[in-house]
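Have a look at the picture first, then read on.

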Amino acid sequence: QVQLVESGGGLVQAGGSLRLSCAASGRTFSSYAMGWFRQAPGKEREFVAAITWLAGSTNYADSVKGRFTISRDNAKNTVYLQMNSLKPEDTAVYYCARRATPWDSSYDYWGQGTQVTVSS
């Protein structure tokens with residue numbers, strides 16, 4: 001079992017910044033990567049960013065490239081999402097999730113989500 005707890009969401013004005021955290025516990029040593037996803041009201045959940053635990057390789061959705069940065073602290077089993085130059089369209093519930101292996105692209109454990117609201 002893996003438990004994921006997000007924090008750091010809130011209300012911010014357009015152009016502002018927030019840093020989200022995702023603390024992982026449980027059988028995290030068997031994890032390959034962690035990802036951030038988001039879901040806005042009335043929309044489907046979408047991929048935001050991902051990072052591998054060992055190499056720290058990252059990838060991003062085009063909509064957030066250059067504005068968001070994903071990072072991890074292996075000692076703390078924590079993944080971060082630094083969000084800069086926020087836009088109203090970034091408003092969503094943000095979730096972190098665990099990807100178990102490199103040969104399966106699915107994410108099997110999810111956090112409860114944290115709300116990010118960007119006002120114009």
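A word on terms before the tour: helices (H or I, at least four residues) and strands (E, at least two) are DSSP runs, numbered from the N terminus. On that basis the chain has 0 helices and 11 strands, so reading from the N terminus you simply get β-β-β-β-β-β-β-β-β-β-β.

Keep in mind that this is a predicted model, where local features need pLDDT of at least 70, side-chain atom pairs count only at pLDDT 80 or more, and totals for chains, interfaces and linings use all residues. Residues are numbered from 1 along each chain as its sequence is written, and side-chain values use heavy atoms, with hydrogens and water left out.

**Overall build**

The radius of gyration is taken over C-alpha atoms, and the globule rule is 2.2 Å times the number of residues to the power 0.38. For 120 residues, a compact globule would come out near 14 Å, and the chain agrees at 14 Å. Along the principal axes, the C-alpha atoms fill a box of roughly 40 × 25 × 25 Å.

Buried residues (under 20% relative accessible area; exposed is over 50%, partly exposed in between; 1.4 Å probe, protein chains only) make up 44% of the 120 residues. Contact means heavy atoms within 4.5 Å. Of the contacts between residues at least 6 apart in sequence, 53% join residues at least 24 apart.

**The core**

A nonpolar core is a set of buried Ala, Val, Leu, Ile, Met, Phe, Trp, Tyr and Cys residues joined through side-chain atoms within 4.5 Å. The largest one here has 28 residues, and Trp36, Leu81, Met83 and Tyr94 have the most contacts inside it. Strands giving two or more residues to this core include E1 (2-7), E4 (33-39), E8 (78-83) and E11 (114-119). The top contributor is E3, with 4 residues.

Which residues does Tyr94 touch, not counting those up to four places away in sequence? Among them are Trp36, Leu81 and Met83, along with Glu6, Leu20, Phe68 and Val116.

Is Tyr95 buried or exposed? Tyr95 is buried, because its relative accessible area is 19%. Beyond its neighbours within four places in sequence, Tyr95 is in contact with residues including Glu6, Trp36, Phe37 and Trp110. Ser31 is another matter: 64 residues along the chain from Tyr95, with 17 Å between the two C-alpha atoms.

**Loop residues**

| Residue | Loop | Relative accessible area |
|---|---|---|
| Ala14 | between E2 and E3 | 41% |
| Asn77 | between E7 and E8 | 27% |
| Ser85 | between E8 and E9 | 42% |

Ala14 counts as partly exposed, as does Asn77, and Ser85 is partly exposed too. Asn77 has a phi near 50°, a positive value in a residue other than glycine. Ser85 also has a phi near 50°, again positive in a residue that isn't glycine.

Where does Ala14 make its contacts, leaving aside its neighbours within four places in sequence? Its partners are Leu86, Pro88, Val118, Ser119 and Ser120. Ser120 is 106 residues from Ala14 in sequence, yet their C-alpha atoms are 5.3 Å apart in space.
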